[in-house]
Amino acid sequence: MNDLFKASRAPKPPAKAAAAVTPAAAPSEYSAKDIEVLEGLEPVRRRPGMYIGGTDENALHHLASEILDNAMDEAVAGHADRIDVTLEAGNWLTVRDNGRGIPVDPHPRFPKLSALEVILTTLHSGGKFSGKAYETSGGLHGVGSSVVNALAERLEVEVARDRTLFAHAFERGKPMQKLKTVGPVHNRRGTQIRFKPDQEIFGNQAFSPARLHRLCRSKAYLFRGVEIRWACDAELVAGTETPAQAVLHFPGGLSDFLAASTEGRSPVVSSPWAGEATFPEGAGRVEWAVTWLEQGDGFLSTYANTIPTPQGGTHEAGLRAALVKGLRAYGELKKERRAANVTAEDLLGGLAGMLSVFVRDPQFQGQTKDRLTSQDAARLVEAALRDNFDHWLAGDPGRADNLLAWCIERAEDRIRRREQKETPRKSATRKLRLPGKLADCSREGVDGTELFLVEGDSAGGSAKQARDRETQAVLPLRGKILNVASASADKLRQNQELRDLIEALGCGAGDRFEIGRLRYGRIVIMTDADVDGAHIAALLMTFFYKELPELVRQGRLFLAQPPLFRLQAQGKTVYARDDADRERLLKKEFKANQKVDVSRFKGLGEMPPASLKETTMDPKRRTLLRVVLPTSQIAETSNLIEALMGRRPELRFRFIQDNAAKLDEEAVDA
Ligand SMILES: Nc1ncnc2c1ncn2[C@@H]1O[C@H](COP(=O)(O)OP(=O)(O)OP(=O)(O)O)[C@@H](O)[C@H]1O
Ligand SMILES: [Mg+2]
Ligand SMILES: [Mg+2]
């Protein structure tokens, strides 16, 4: 600060020289006097972006993080075990801890000021530079609390230390008076900071209770030695899911966090990989909890000294390395050559996990700390996790084999997609282009092969796991496909979903249809057992009827019959197609007084792959409906389809239902 002060007094250039070069008041005049040196907290107010990444909602919440991080640092250092976070009406936020309290004695370098005032009004002042007062803190730059102070309309601090309560208040970074000694206190110690973000900087934006509550919850998961009490003005959360009050304390740590975050989603492995380890030579420690999800996207949340690092960094790199190397080594052990193809992307795509490190003297990118850059973290994390992962894999071979098979499948999907992209370039003559989301079967030709058309990516994920990879291919179609009967030929050709479908079939459509190039023996429409599903099935049937009638004529088009209900009682499970079927099965399959557990599938994506296979896909056990158009009725059918699909959308559901019923008599399966 003193250096800066001196710099602002830099000698001015001689007035004469300046006048000789440029006429006074010329617009291009630019000299040393234009160079400003901002003092105290002024730079923070002038350029908030440099300290909190902007002035948007994220930046606003960053203020809360800074204050909470300081309290967490105090807890992680072992001096506090309780933090109260309170959001009041008017956008006032209070964070109170029961730690040591910010020092209030006069600062050796600025004897007229308390350390508290120096901390809050001077950038780069703090107790976390040397690692003496804190071992593994999230704070390191010594700017956090002063930045918050600068950007707060008003900030009030209370410090309870040595049985005395002290108070100090600031407005936009400026002290309102000297530090006040309020008087003696008992049963209280620590720091309380209450502040309201400055509307001059943030406009009308206000703290989001949901976001603050989430933040507090994740901090409590990250450090089991702390209890965070969340409280919020009841009106701010009325009608929302955010509680007005909550006690957040999680002795299970990250494992609890992971369980809560993946509730209701089915994992690939029977139990997560979780644990903790300390780094050698007191360099810190690491805690993690990781699982893999059968469907949908995963997530990896990483933290360093309880600070979220959404852009990852070196700790994440260490985790990736441990996972990939560990899995490949396991593959080698199992003599599974394909494991060598597995990359971090294959492993991480469906991974759901959390990684939290505590390291000394962390390096982050910028004050918002979105990425950890400490070089040694990668090595420390990899070394600590690698052994543990190897043990976990070896400890339960069934679980490890599942994971390996799942990763190999993803690797092969990825390689196939890449090859498909490259094929047209390589061989212009063969011209085999397949849509990226098609999961093809390994057998070639129409003999015994089937293409399943499924509704949406999540059902697609289930179907891919439930299929027989040799003979069954899966193509997920997104959303409602175009209504073919009322769409122009041009529009039809532009529709991506239909183009993908035609590409997958290989035989062209309309006048370019060539049955000899058909790639599958059967095409099976597999949609959810609900109105939407029926609608999509109807649209697809119409499409085949209009564009690929030969396939229908040859009896290659089918409707799958996924169940809507699962009925379970003591070791017995049966599946029902609809309400009537359910009632029938309840009477037929179970005793009258038996307690039967009936669950309804919301969609195919919700069905465990094993059930989907058993009920709907496995050729030995399923029922398929063949779509048949007797030649004599083609003219009539054509009218019907035009009428239903072209102009009367409300009748679509009836159409498919009626037809399904009619077709039932023709139910086939070879
Ligand atoms: N709740 C608290 N309890 C005890 N000391 C605190 C508390 N909050 C802040 N301090 C002290 O004030 C100092 C300055 O805090 P500030 O947030 O400005 O910087 P920092 O935490 O050191 O680093 P960063 O800028 O990375 O947050 C801290 O280093 C710590 O010594
Ligand atoms: Mg801090
Ligand atoms: Mg400071």
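Two strands pair if DSSP finds at least two bridges between them, where strands (E, at least two residues) and helices (H or I, at least four residues) are DSSP runs numbered from the N terminus. This is a predicted model, in which local features need pLDDT of at least 70 and side-chain atom pairs count only at pLDDT 80 or more, while totals for chains, interfaces and linings use all residues. Residues are numbered from 1 along each chain as its sequence is written, and chains are lettered from A and ligands numbered from 1 in the order in which they are written.

**Exercise 1.** Determine which residue of strand 20 is the bridge partner of Val524, and place the strands in their sheet.

*Solution.* Begin with the pair itself: strand 19 (residues 522–526) and strand 20 (residues 557–560) run parallel and share 3 bridges. Within strand 20, Phe558 is the bridge partner of Val524. Next, the open sheet holds 5 strands in the order 18-17-19-20-24, with mixed pairing. Strand 18 (472–477) and strand 24 (624–626) are at the edges with a single partner strand each, so one side of each has no neighbour in the sheet. Finally, neighbouring strands are turned by 30° against each other on average, direction ignored, with axes taken as lines fitted to C-alpha atoms, for helices over the stretch in contact, and angles running from 0 to 180 degrees between N-to-C directions.

**Exercise 2.** Describe how helix 12 and helix 14 pack.

*Solution.* Take the geometry to begin with: helix 12 (residues 314–333) and helix 14 (residues 375–395) pack at an angle of about 30°, with axes 7 Å apart.

**Exercise 3.** Work out which helix gives the most to the shell around ligand 1.

*Solution.* The shell has 21 residues, the closest being Asn70, Gly126, Gly127, Gly139 and Gly144, where a residue is near if its C-beta atom, placed from the backbone, lies within 6 Å. Helix 5 (57–76) and helix 7 (144–150) each supply at least two residues, and helix 5 gives the most, with 4. By class, the shell divides into 5 nonpolar, 11 polar and 5 charged residues.

Conventions:
Ala, Val, Leu, Ile, Met, Phe, Trp, Tyr, Cys and Pro count as nonpolar, Asp, Glu, Lys and Arg as charged, and the others, Gly among them, as polar.
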